[in-house]
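Hi everyone, thanks for making time for this.

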Amino acid sequence: MPEEVLFETENTQSRTDIAAYLRTVADKLESGEPITLSAGSQSVTLEPPARPVFEVKAERETSSTDRTETSVEFELEWKEGEDGDDGSLAIE
């Protein structure tokens, strides 16, 4: 299935700013409100269903120059017009 990127941005921010951004997304999810992402001239509004798939991934990548990059990714995924299944996850 072809992928269409609707929005993408990447920049360095403080942990405090990132936490505030994630908190806003969490508040929108909890209240059932649409989530609008915007940066520069880009903007997209998404309406996740009540039960989207939630993926959490932690990775460590080592380049050919032995530089190591660690990342954590949080992803919400859903088929348009459908709700997701039950699942469990704990973040401590």
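Let's start with a definition: a residue is called buried at under 20% relative accessible area, exposed at over 50%, and partly exposed in between, using a 1.4 Å probe and protein chains only. Now, before we get going, this is a predicted model, where local features need pLDDT of at least 70, side-chain atom pairs count only at pLDDT 80 or more, and totals for chains, interfaces and linings use all residues. Residues are numbered from 1 along each chain as its sequence is written, and side-chain values use heavy atoms, with hydrogens and water left out.

Okay, the overall layout. Helices (H or I, at least four residues) and strands (E, at least two) are DSSP runs, numbered from the N terminus. On that basis the protein chain has 1 helix and 4 strands. Going from the N terminus, the order is α-β-β-β-β. How much of the chain is buried? Of its 92 residues, 8% are.

You'll find Arg 51 in the loop between strand 2 (42-46) and strand 3. Its relative accessible area is 37%, so Arg 51 is partly exposed. Arg 51 also sits 9.6 Å from Leu 76, C-alpha to C-alpha, although the two are 25 residues apart in sequence.

While we're on loops, look at the one between strand 3 and strand 4, which is where Asp 66 is placed. Asp 66 has a phi near 65°, a positive value in a residue that isn't glycine. Is Asp 66 buried or exposed? With 64% relative accessibility, Asp 66 counts as exposed.

Next up, aromatic rings. In general, you describe a pair of aromatic rings by the distance of the centres and the angle of the planes. The rule here is that rings of Phe, Tyr and Trp (its six-membered ring) pair if their centres lie within 6.5 Å, and planes under 30 degrees apart are stacked, over 60 edge-to-face, and the rest tilted. That gives us 1 aromatic pair. The partners are Phe 54 and Phe 74, and they're stacked, at 6.4 Å centre to centre with 10° between the planes. Because Phe 54 belongs to strand 3 (residues 53-62) and Phe 74 to strand 4 (residues 68-77), the pair ties together parts that are 20 residues apart in sequence. Phe 54 is partly exposed at 42% relative accessibility, and Phe 74 is partly exposed too, at 45%.

Patches are made of residues with over 30% relative accessible area and no salt bridge, joining like charges within 9 Å and nonpolar side chains (Val, Leu, Ile, Met, Phe, Trp, Tyr) within 5 Å. The areas come from the Shrake-Rupley method with a 1.4 Å probe, and for residues only the protein chains shown count as cover. So who's in the nonpolar patch? Its members are Ile 18, Tyr 21, Leu 22, Leu 29, Phe 54, Val 56, Val 72, Phe 74 and Leu 76, with about 770 Å² of accessible area together. Helix 1 (15-31), strand 3 and strand 4 each supply at least two of the patch residues, and helix 1 has the largest share, with 4. Leu 22 is in helix 1, and at 43% relative accessibility Leu 22 is partly exposed.

For charges, Lys and Arg are positive, Asp and Glu negative, and His and the chain ends aren't counted. A charge is placed at NZ of Lys, CZ of Arg, CG of Asp or CD of Glu. Glu 8, Glu 10, Glu 61, Glu 69, Glu 73, Glu 75 and Glu 77 gather into a negative patch on the surface. Strand 4 gives the largest share of that patch, 4 residues. Glu 75 is found in strand 4, and is partly exposed at 34% relative accessible area.

Last topic: salt bridges, meaning a side-chain nitrogen of Lys or Arg within 4 Å of a carboxyl oxygen of Asp or Glu. How many are there? The count comes to 3 salt bridges. One of them links Glu 33 and Lys 28, with the closest N and O atoms 3.4 Å apart. Glu 55 and Lys 57 meet in another, at 3.9 Å from N to O. Lys 57 also bridges to Glu 59, again with the closest N and O atoms 3.9 Å apart. Through shared partners, Glu 55, Lys 57 and Glu 59 are joined into one network.

That's it from me, thanks!
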